[in-house]
Amino acid sequence: MAYAIANGHRIRTEPSPAAPSSQSEGVPWHQTFRRVQIVQALEVVQDLIAVSLCVGLFCVMALQLRAIFLSLFTTLKFHAVTSDILFILILVELFRLLIIYLQEQRVSIGVSVEIAIVSVLREVIVTGVLETDWRQILAVCAFLASMALLMVVRVWLPTTFAGVDPEAHMSARHKPFQEQAQAGQQRHG
């Protein structure tokens, strides 16, 4: 509300409806957005992208299976068939990763590591261990060891989905110690 002074008296004046209110003038432009609706719309778009990736992966798997079965009726090449089967396994794991993402809205570390391991092993099998340089074999071994370590460590990583809040869990664990310290301060104070 605004007041004007006329003839020595204070008169209350109402702002006109066409004039912008003083509250909207003081609000920054980025706070006028509806963040919740924007985030929901972006999540829907992200889910649509994930679903289209699932459909694409499914089509690629079907085409690859068709190619494998057709190659079985011609000449049998062990390395080619093994490579194609491992490629389909990688696609299946990627499909599973996308399904987990759609269900839980998170990326699974375990499935991602499994995909990396199978991909590296596929490349080693396709090129052949005897034809690969020893430095590349050492690099592959180091990579596989680090992936195995990550698989072991991920068991102890706190989960941050399905309503589990690691910070609340840690604060609940330390709450008895905080209460003891407060009780000790009250006795001495």
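How are H4 and H5 directed relative to each other, roughly parallel or roughly antiparallel? I found that H4 and H5 pack at an angle of about 160°, with their axes 10 Å apart, and that H4 and H5 are therefore roughly antiparallel to each other. In this scheme angles under 35 degrees count as roughly parallel, over 145 as roughly antiparallel, 65 to 115 as roughly perpendicular and the rest as oblique. The axes are lines fitted to C-alpha atoms, for helices over the stretch in contact, and the angles run from 0 to 180 degrees between N-to-C directions.

**Entry: basis of the model.** I note that this is a predicted model, in which local features need pLDDT of at least 70 and side-chain atom pairs count only at pLDDT 80 or more, while totals for chains, interfaces and linings use all residues. Residues are numbered from 1 along each chain as its sequence is written, and side-chain values use heavy atoms, with hydrogens and water left out.

**Entry: the chain as a whole.** I read six helices and two strands in the protein chain, and from the N terminus on the order of elements is β-β-α-α-α-α-α-α. Helices (H or I, at least four residues) and strands (E, at least two) are DSSP runs, numbered from the N terminus. Of the 189 residues, 17% count as buried, where buried means under 20% relative accessible area, exposed over 50%, and partly exposed in between (1.4 Å probe, protein chains only).

**Entry: helix packing.** I kept to two quantities here, since two packed helices are described by the angle between their axes and the distance between the axes. Helix H2 (residues 35-72) packs on helix H3 (residues 78-104) at an angle of about 160°, with the axes 10 Å apart, and H2 and H3 are therefore roughly antiparallel to each other. For H3 and helix H4 (residues 109-127) I found an angle of about 170° and axes 10 Å apart, so H3 and H4 are likewise roughly antiparallel. I then looked up the handedness: H2 passes H3 in a left-handed crossing, H3 passes H4 in a left-handed crossing, and the crossing of H4 and H5 is left-handed. A crossing is left-handed if the near helix is turned anticlockwise from the far one by less than a right angle, and right-handed if clockwise.

**Entry: salt bridges.** How many salt bridges does the structure hold? I find five, a salt bridge being a side-chain nitrogen of Lys or Arg within 4 Å of a carboxyl oxygen of Asp or Glu. One of them joins the side chains of glutamate 114 and arginine 96 (2.7 Å, N to O). This pair links distant parts of the chain, with glutamate 114 in helix H4 and arginine 96 in helix H3, 18 residues apart. Glutamate 114 is partly exposed at a relative accessible area of 27%, and arginine 96 is partly exposed at 37%. Glu93, Arg96 and Glu114 are linked in a network of salt bridges. I also looked at arginine 122 and glutamate 123, whose closest N and O atoms are 3.0 Å apart in a salt bridge; arginine 122 is buried, with a relative accessible area of 17%, whereas glutamate 123 counts as partly exposed at 42%. Aspartate 133 and arginine 135 meet in a salt bridge as well (3.1 Å, N to O), aspartate 133 being partly exposed at 31% and arginine 135 exposed at 52%.

**Entry: two single residues.** Most residues other than glycine have a negative phi. Glutamine 105, however, has a positive phi, near 55°, and its place is in the loop between H3 and H4, where glutamine 105 is partly exposed with a relative accessible area of 41%. In helix H4 I looked up valine 113, which is buried with a relative accessible area of 3%. Valine 113 and methionine 151 are 38 residues apart in sequence and 7.1 Å apart in space, C-alpha to C-alpha.

**Entry: a nonpolar patch.** Ile109, Leu149, Leu150, Val152, Val153, Val155, Trp156 and Leu157 form a nonpolar surface patch, with about 760 Å² of accessible area together. Helix H5 (residues 134-153) gives the most to this patch, with four residues. Tryptophan 156 lies in the loop between H5 and helix H6 (166-188) and is exposed, with a relative accessible area of 66%. Patches are made of residues with over 30% relative accessible area and no salt bridge, like charges being joined within 9 Å and nonpolar side chains (Val, Leu, Ile, Met, Phe, Trp, Tyr) within 5 Å. Accessible areas come from the Shrake-Rupley method with a 1.4 Å probe, and for residues only the protein chains shown count as cover.
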